[in-house]
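Take a walk through this model with the structure open beside you. We start with open space, then turn to a helix, and end with the rings.

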Amino acid sequence: MSSLFHPLSIRGVEMRNRLWVSPMCQYSAVDGIPNGWHLVHLAQFASGGAGLVMAEATAISPEGRITPGDVGIWNIEQAEAWADIVDALRSRGAVAGIQLSHAGRKASTKSPLTGGRGSVEAADGGWPTVAPSAIAYEGFAEPVALSLDGIDEIVDDFVDATRRAVAAGFQVIEIHAAHGYLLHQFLSPLSNRRSDEYGGSFENRVRLLVRVTEAVRAAAGPGIAVFVRFSASDAADGGWDVDDTVRAARLAADAGADLVDVSSGGLVAHQHIVPSPGYQVDDAERIRTEAHVLTSAVGMIDEPELAERLVAEGRADAIMSGREWLRDPHYALRAARVLGAPVPTPAQYARAFA
């Protein structure tokens, strides 16, 4: 049997296969409320055979949005809209996951859909941003350094968002600690220059992530899978690196995380990354081996044969893909046919696979 199409169960949450949809921002919400675009966008991947469909970076507070068009889950109206999407995913055989996020110093930015870059002015609906330290991302507005009370509020917001997500029916909660957003900003010495218990040493810089993971685990309850997405490396001199991620992954697992979703970069504009098929898999494999935690690999894993080989060789436990699902929303149906695995075909599409 295909390794890629062997089910994976985490805390009793069973994914029918290991070919999953990465969270992909759509910048298409109003007031943080997901709408018909999000429902069709995500449900098509479930019809296409995905084992897990992860909703895009979802803000835990209005200030945590990357752009004004980001989705959120900081109120009941948003959670109720998400519940309809969760029902659509589950009725099509996929597990529904949500990535909880706070953008920190990369919040209040212009939407890529408009071709803009940089921070949104207050007159155009922008807002002040926060970060571990008052250090701006290149070309963006300078953030305000969070106070200790502000840090406590961030933890509370993650807890409240988790409870709403569980009430909406999500079975996987992913904590976004990658791509240069708030929790990643605390992790990296390039963006965290604090001198209190949240800055300086590795142990201090990872403290907020551990707190959030413990709090999300407690709020989610025992039957919900909790993931953490890391950027394994800043890909910049003096920044966070794979050695740090291995150590942090162990701590996250001890705090209740079930799987580490391994990506890279996003913290600084001067990073140096050369993408190629599977270019982040080595990091995922090392974290899996040394931190003794389940991992998913992501990064141009666009061919079924490559995805199959990576799982079969034990280099990752699951494969996350993004752009390939946009190109082919039936990626898993195609992959199953290529690999000779049973095709998880909706009955309505069966005639195409006879």
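**A pocket, a helix and some rings**

The largest pocket holds about 1300 Å³ of space. Its lining takes in 44 residues, and those closest to the pocket centre are Pro23, Tyr27, His179, Tyr181 and Arg323. Helix H10 contributes the most to this lining, with 3 residues. Keep in mind that the model is predicted.

Lysine 106 lies over the face of tyrosine 181, 4.9 Å from the ring centre.

Now turn to helix H3. It runs over residues 148–168 and has 21 residues. From first C-alpha to last it reaches 31 Å, close to the 30 Å expected at 1.5 Å a residue. Its buried residues include Ile151, Ile154, Val155, Phe158 and Val159. Arg164 is buried in H3 too.

Next, the rings. The structure holds 7 aromatic pairs. Take phenylalanine 45 and tryptophan 325: their ring centres are 5.8 Å apart and their planes stand at 70 degrees, so this pair is edge-to-face. Phenylalanine 45 belongs to helix H1 (residues 36–47) and tryptophan 325 to helix H10 (residues 323–327), so the pair ties together parts 280 residues apart in sequence. Are these two residues buried or exposed? Phenylalanine 45 has 0% relative accessibility, so it counts as buried. Tryptophan 325 also has 0% relative accessibility, so it counts as buried.

A second pair is arranged as a stack. The rings of phenylalanine 202 and tryptophan 240 have centres 5.8 Å apart and planes at 10 degrees, so they count as stacked. Phenylalanine 202 lies in helix H5 (residues 202–205), while tryptophan 240 lies in the loop between strand S9 (225–231) and helix H7 (242–254), so this pair ties together parts 38 residues apart in sequence. Both residues, phenylalanine 202 and tryptophan 240, are buried.

One last stop returns to phenylalanine 45. Ring pairs link Phe45, Trp325 and Tyr331 into a cluster.

Technical notes
Residues numbered from 1 in each chain as written. Predicted model: local features only at pLDDT ≥ 70, side-chain atom pairs only at ≥ 80, totals over all residues. Heavy atoms only, no water. Phe/Tyr/Trp six-rings, centres within 6.5 Å; stacked < 30°, edge-to-face > 60°. Helix = DSSP H or I, 4+ residues; strand = E, 2+ residues; numbered from the N terminus. Buried < 20%, exposed > 50% of the residue type's maximum accessible area, 1.4 Å probe, protein only. Lys NZ or Arg CZ within 6 Å of the ring centre and 35° of its normal. Expected span 1.5 Å × (residues − 1). 1 Å grid on protein atoms, 1.4 Å probe; cavity = no way out; pocket = protein on both sides within 12 Å on 5 of 7 lines; lining within 4 Å. Points joined across faces, edges and corners; volume = space filled by probe spheres on them.
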